[in-house]
Amino acid sequence: KLDNIGPKKTYNGVEYNKKLSLKCRSVANYIIEEINKYNKYKSVREKVFLSTKRLQKLIYFCEVEYMKRNNGKPLFDDEYYAWKNGPSIPGLYYLFMQYADGNINPVYEKGEQELSEDVKIIIDEILDATKNLDTVDLTNISNVSGSPYDKVFNEDDEHHEQLISKKDICNYYVNKNLMLQLKNNDLGCLDQDQIIKLKDKTL
């Protein structure tokens with residue numbers, strides 16, 4: 001079921017229908033809840049800064065891992081587009097863009113269902129694997145040379161409306177140990193000049 005969160009809006013001049021599935025919203029809210037709980041008793045240095053950009057990366061990695069464990073079955077119907085800062089779900093961005101400063105709170109919707117335990121386990125594992133990485137690291141991993149994002153992203157297209165196929169995402173990661181890659185902050189066998197460090201700012 002898709003939740004219509006408002007009229008069409010634009011990103012870099014491209015008009016998107018702002019719909020977000022309740023499942024994707026539930027995953028986002030669970031991530032936010034868990035990170036906020038983690039940060040509650042942490043020092044400023046230990047806290048995980050959750051921007052909208054980081055939320056997009058975490059959801060992307062959660063779905064990657066879910067597909068790996070479920071024979072390619074997507075976690076939700078929402079599609080990713082190759083925006084400037086990485087794989088992005090437009091509806092997710094517009095739902096949480098008001099929290100660009102990083103102090104994100106859940107945005108609940110009537111009809112949301114409790115996530116299954118297997119989904120929660122995957123999310124918890126992703127959050128644990130990424131808690132010591134900054135958002136720049138996560139962006140580099142999702143955008144690494146040869147990735148599904150890298151294959152479709154067109155730097156010369158100011159609108160950045162390229163759809164990233166979930167089939168391509170699944171095929172790319174099926175034989176990769178994403179959890180180990182995240183824990184080790186492993187970008188693969190790349191020369192340093194191939195790694196593009198992006199400024200940690202929200203989309």
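**Helix packing and burial in a predicted chain**

Ala82 is found in strand β5, residues 80-83. This is a predicted model, in which local features need pLDDT of at least 70, side-chain atom pairs count only at pLDDT 80 or more, and totals for chains, interfaces and linings use all residues. Residues are numbered from 1 along each chain as its sequence is written, and side-chain values use heavy atoms, with hydrogens and water left out.

User: Is Ala82 buried or exposed?

Analyst: Buried means under 20% relative accessible area, exposed over 50%, and partly exposed in between, with a 1.4 Å probe and protein chains only. Ala82 has 0% relative accessibility, so Ala82 counts as buried.

User: How far apart in space are the C-alpha atoms of Ala82 and Tyr149?

Analyst: In sequence, Ala82 and Tyr149 are 67 residues apart. From C-alpha to C-alpha, the distance between Ala82 and Tyr149 is 5.9 Å.

User: How are helices α2 and α7 oriented to each other?

Analyst: Helices (H or I, at least four residues) are DSSP runs numbered from the N terminus, as are strands (E, at least two). Axes are lines fitted to C-alpha atoms, for helices over the stretch in contact, and angles run from 0 to 180 degrees between N-to-C directions. The axes of α2 (residues 52-69) and α7 (residues 166-173) come within 9 Å and cross at roughly 70 degrees. Angles of 65 to 115 degrees count as roughly perpendicular, so α2 and α7 are roughly perpendicular.

User: Which residues of α7 make the contact with α2?

Analyst: Contact means heavy atoms within 4.5 Å. On the α2 side, the contact is made by Tyr60, Phe61, Glu63, Val64, Met67 and Lys68. The α7 side supplies Lys166, Ile169, Cys170 and Tyr173.

User: How many disulfides does the whole structure have?

Analyst: A disulfide is a pair of cysteine sulfur atoms within 2.5 Å. Cys62 counts as buried because its relative accessibility is 1%, and Cys170 counts as buried because its relative accessibility is 16%. A search of the whole structure gives a disulfide count of zero.

User: What is the relative accessible area of Val174?

Analyst: Val174 lies in the loop between α7 and α8 (178-183). Val174 counts as partly exposed because its relative accessible area is 45%.

User: What share of the residues of the chain counts as buried?

Analyst: The chain has eight helices and seven strands. Of its 203 residues, the share that counts as buried is 49%.

Definitions and conventions. Angles under 35 degrees count as roughly parallel, over 145 as roughly antiparallel, 65 to 115 as roughly perpendicular and the rest as oblique.
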